Amino acid sequence: MIKYRMNLVRSLRVAEKRDQTHKAWATLMLLGAFVVLAGAGYFVYDRVAGMQRVLNTERTELSRLDAEYQELLKHYESTQSTVDRADIELLNQIQTGRIYWTKKLEAMARHLPENEPISYWITRFNYRGAAYGVSGYGYITERQEQLLALDDYLNKLRADPNWSDVFGTTSLRSAVRSDEIEKGVLRERVSFEYASMKKGGAQ
């Protein structure tokens, strides 16, 4: 009878220990869940706060740009009322005398000699006042036809209505040898310059 009671007490102790272990694990899991939840909450708060800061910055920048726009609008409205007949005549003169460079560049390229061995290229051009200067180079053939090729090119350019409608005269300024060595091979070439004067411009 005494032995039976002792076994019963031991069973109760084992059950109590098991309950304590379960409670400890439950507490630990609850604590871990709380830590994870707190971390997620902080992450969400940090992201929302960051987005709010960006939004405030954008609103400030938008307000600044709007203020600048309003200032420019006031300036435009104030200057618009001062436009007089002289300004309109000047604008009309500029519009009438402008040069359509697309057609000019197309004419320059179309008439260049481009068949081997007579091939020429434009390397630089500039427009100052009424003078338009062009530089380029081409390769010299065994028959030394560079001057004939340049003369033919300039004659075609002068006769092109897309060129002659603005430029009254076009003349060769220089044609000099400028040989080059490419991959150990000497290539004879000529560098040239020509100039065109706008109609009505000072010669």
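A residue counts as buried when its relative accessible area is under 20%. By that cut-off, buried residues make up 20% of the 203 residues in the protein chain. Keep in mind that this is a predicted model.

**Stop 1: the whole chain**

Show the protein chain as a cartoon. It has five helices and seven strands. Trace the chain along its sequence and the elements come in the order α-α-α-β-β-β-α-α-β-β-β-β. Take the contacts between residues at least 6 apart in sequence: 60% of them join residues at least 24 apart.

**Stop 2**

Five strands form it, in the order 1-2-3-7-4, with antiparallel pairing. Strand 1 (114–115) and strand 4 (167–177) are the edge strands, each pairing on one side only. As background, strands of a sheet pair through backbone hydrogen bonds, either parallel or antiparallel.

Two bridges join strand 1 to strand 2 (residues 118–128), and the two run antiparallel. Pick E114: S119 in strand 2 stands opposite. Pick N115 next: its bridge partner in strand 2 is I118.

Step across to strand 3 (131–139). Eight bridges join strand 2 to strand 3, again antiparallel. Select I122 and you will find G136 of strand 3 opposite. Then go to the hairpin of these strands. Two residues lie between strand 2 and strand 3, and G129 takes a positive phi near 65° in this hairpin.

**Stop 2: helix 4**

Select residues 146–159. This is helix 4, which lies across strand 2, strand 4 and strand 7 (189–198). Helix 4 runs at about 165° to strand 4. Check the span: its 14 residues reach 20 Å from the first C-alpha to the last, close to the 20 Å expected at 1.5 Å a residue.

Which residues of helix 4 are buried? Show the side chains of Q146, A149, L150, Y153, L154 and L157. Look down the helix axis. These buried residues fall within an arc of 130°, so they line one face of helix 4. The general rule is that an α-helix has 3.6 residues a turn, so residues three or four places apart point the same way.

Turn to the face away from the buried side. There, L147, L148 and A159 are exposed.

What covers the buried residues of helix 4? Colour helix 3 (101–110), strand 2, helix 5 (161–164), strand 4 and strand 7: the cover includes these elements.

**Stop 3: helix 3**

Move to helix 3. Its buried residues are K104, A107 and M108. They cover an arc of only 100° around the axis, which puts them on the same side of helix 3. Their cover includes strand 2, strand 3, helix 4, helix 5, strand 4 and strand 7.

**Stop 5**

Most residues other than glycine have a negative phi.

Q144 has a positive phi of about 55° although it is not a glycine. Find Q144 in the loop between strand 3 and helix 4. Is Q144 buried or partly exposed? With a relative accessible area of 41%, Q144 is partly exposed.

K183 is also not a glycine, and its phi is positive, near 55°. Its loop joins strand 5 (180–182) and strand 6 (185–187). K183 has 81% relative accessibility and counts as exposed.

**Stop 4: R187**

Stay with strand 6 and select R187, which has its place there. How exposed is R187, and what does it touch? Its relative accessible area is 27%, so R187 is partly exposed. Leaving out residues up to four places away in sequence, R187 touches Y139, D179, E180 and E182.

To finish, draw a distance from the C-alpha of R187 to that of T141. The two atoms are separated by 9.8 Å, while the residues lie 46 apart along the chain.

Key
Residues numbered from 1 in each chain as written. Predicted model: local features only at pLDDT ≥ 70, side-chain atom pairs only at ≥ 80, totals over all residues. Heavy atoms only, no water. Helix = DSSP H or I, 4+ residues; strand = E, 2+ residues; numbered from the N terminus. Buried < 20%, exposed > 50% of the residue type's maximum accessible area, 1.4 Å probe, protein only. Contact = heavy atoms within 4.5 Å. Pairing = 2+ DSSP bridges. Axes fitted to C-alpha atoms, helices over the stretch in contact; angles between N-to-C directions. Expected span 1.5 Å × (residues − 1). Arc of directions from axis to C-beta.
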